[in-house]
Amino acid sequence: MRTLDDLDVKGRRVLVRADLNVPLDGETITDDGRIRASVPTITSLVERGAKVVVCAHLGRPKGQVKPEFSLRPVARRLGELLGQDVAFASDVVGDAARATVDTLQDGQVALLENLRYEPGEESKDEAERRAFAERLAGLADLYVGDGFGAVHRKHASVYDVPRLLPHAAGGLVEAEVAVLRRLTEDTERPYVVVLGGAKVSDKLGVIANLLTKVDRLLIGGGMAYTFLKAQGHEVGNSLLQEDQIDQVRGFLDEAGRRGVELVLPVDVLAATGFAADAAYDVVDATAIPADREGLDIGPKTRELFATKLADAKTVFWNGPMGVFEFDAFSGGTRAVAEALIRSDAFTVVGGGDSAAAVRRLGLPEDGFSHISTGGGASLEYLEGKTLPGLAALED
Ligand code: ADP
Ligand code: MG
């Protein structure tokens with residue numbers, strides 16, 4: 001994979017595909033982690049005298065111009081972080097985009113409007129996607145792929161544009177891929193993976209693949225209840241993926257056959273409802289009352305998971321252990337995060353919500369070896385899939 005250093009960028013228009021998909025509350029950015037992560041690559045291009053044209057998506061406007069998904073607030077924040085103005089183009093590849101790019105001087109930066117305002121960006125129709133990619137490529141001389149959070153998408157700005165322009169991987173993509181290699185090749189053992197979060201279905205593929213690689217798999221969060229149910233326990237109103245119980249039962253068997261330690265919660269906070277102020281009791285994971293729902297792992301589980309992490313040499317953590325957005329149910333996520341911070345293993349946090357949880361709980365980001373900007377992308381890499389955006393950069 002060519003890197004930034006391989007491109008001669010001085011005086012050239014460089015299209016940077018970044019991942020600026022941040023959570024917004026109205027026009028307020030509630031977590032600017034992804035913007036900050038994209039700054040080093042842009043700064044390096046600025047310092048080398050490129051005309052930098054940044055493109056990115058925000059949310060899911062599905063091919064339509066929807067003002068609530070405008071990247072305008074992101075342009076402002078990016079400018080603050082770069083310490084220089086970022087010109088904002090009010091369309092993606094139209095008159096405004098062309099005019100904005102035309103006025104760029106060497107070392108200046110522009111941001112195009114939300115790529116997903118254009119139906120061609122995500123189109124499954126190759127010709128439609130390609131036509132949009134050509135318009136986007138027409139705005140620049142060179143391409144830098146740095147939107148790690150989107151490299152698992154076969155989208156025009158990720159997959160087609162690098163086939164039309166001389167290209168390189170940006171510093172963020174390079175760093176993320178180096179970390180993922182350490183999690184898949186010659187991994188230092190014991191290798192422990194902690195999975196949580198809301199949906200088992202998103203993570204089934206990765207579980208199947210991880211069972212062939214890890215020494216221990218700790219399961220918490222909403223997905224734990226499908227495992228507990230598969231073992232025959234009552235889970236009350238807890239999150240449950242009925243249709244995946246059989247597959248999960250298969251994982252339990254396979255872990256046994258392979259000698260992988262699969263560790264489930266032994267106690268949970270069983271709440272009367274899904275609310276920040278819901279009353280709750282600590283109950284054994286095998287004795288959840290039928291009218292309760294588990295919203296966090298309990299104190300014994302927190303200790304158990306910490307013990308199972310203590311001797312690890314490599315740890316990957318994806319998915320919160322409970323509904324961390326509610327203070328009362330954030331303790332399990334905090335406990336796992338603190339166990340990783342204490343550990344001297346190579347520790348990687350993947351997943352948008354897991355990374356947001358670390359920041360929300362006020363934990364030091366530098367307590368981890370790496371916090372990934374891409375949840376879906378890292379999971380698909382760990383599943384062993386080919387990521388379209390990486391494949392295109394490698395060509
Ligand atoms: P990530 O983005 O880190 O991959 P996910 O998107 O899979 O994580 O899941 C995050 C969500 O899971 C959070 O919003 C959290 O509230 C929710 N969650 C965690 N545990 C539970 C639970 N026991 N019941 C319901 N939701 C849960
Ligand atoms: Mg998420």
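Axes are lines fitted to C-alpha atoms, for helices over the stretch in contact, and angles between N-to-C directions run from 0 to 180 degrees. Helices (H or I, at least four residues) and strands (E, at least two) are DSSP runs, numbered from the N terminus. The model is predicted: local features need pLDDT of at least 70, side-chain atom pairs count only at pLDDT 80 or more, and totals for chains, interfaces and linings use all residues. Residues are numbered from 1 along each chain as its sequence is written, and side-chain values use heavy atoms, with hydrogens and water left out.

The axes of helix H7 (residues 171-184) and helix H14 (residues 375-382) come within 10 Å and cross at roughly 35°. The crossing of H7 past H14 is right-handed (the near helix is turned clockwise from the far one by less than a right angle). Contact means heavy atoms within 4.5 Å. H7 contributes Leu 180, Arg 181, Leu 183 and Thr 184; H14 contributes Ser 378, Tyr 381 and Leu 382. Four of these residues are nonpolar, two polar and one charged.

An open sheet is formed by six strands in the order E5-E6-E4-E1-E7-E8, with parallel pairing. Two strands pair if DSSP finds at least two bridges between them. Strand E5 (86-88) and strand E8 (167-169) are the edges, each pairing on one side only. From one strand to the next, the twist averages 25°. Three parallel bridges join E5 to strand E6 (residues 109-111). Ala 87 has Ala 110 of E6 as its bridge partner. Helix H1 (residues 33-47) packs on the sheet and touches strand E1 (13-17), strand E4 (51-55), E6 and strand E7 (142-145). The direction of H1 makes about 160° with that of E4.

Note on methods
Chains are lettered from A and ligands numbered from 1 in the order in which they are written. Ala, Val, Leu, Ile, Met, Phe, Trp, Tyr, Cys and Pro count as nonpolar, Asp, Glu, Lys and Arg as charged, and the others, Gly among them, as polar.
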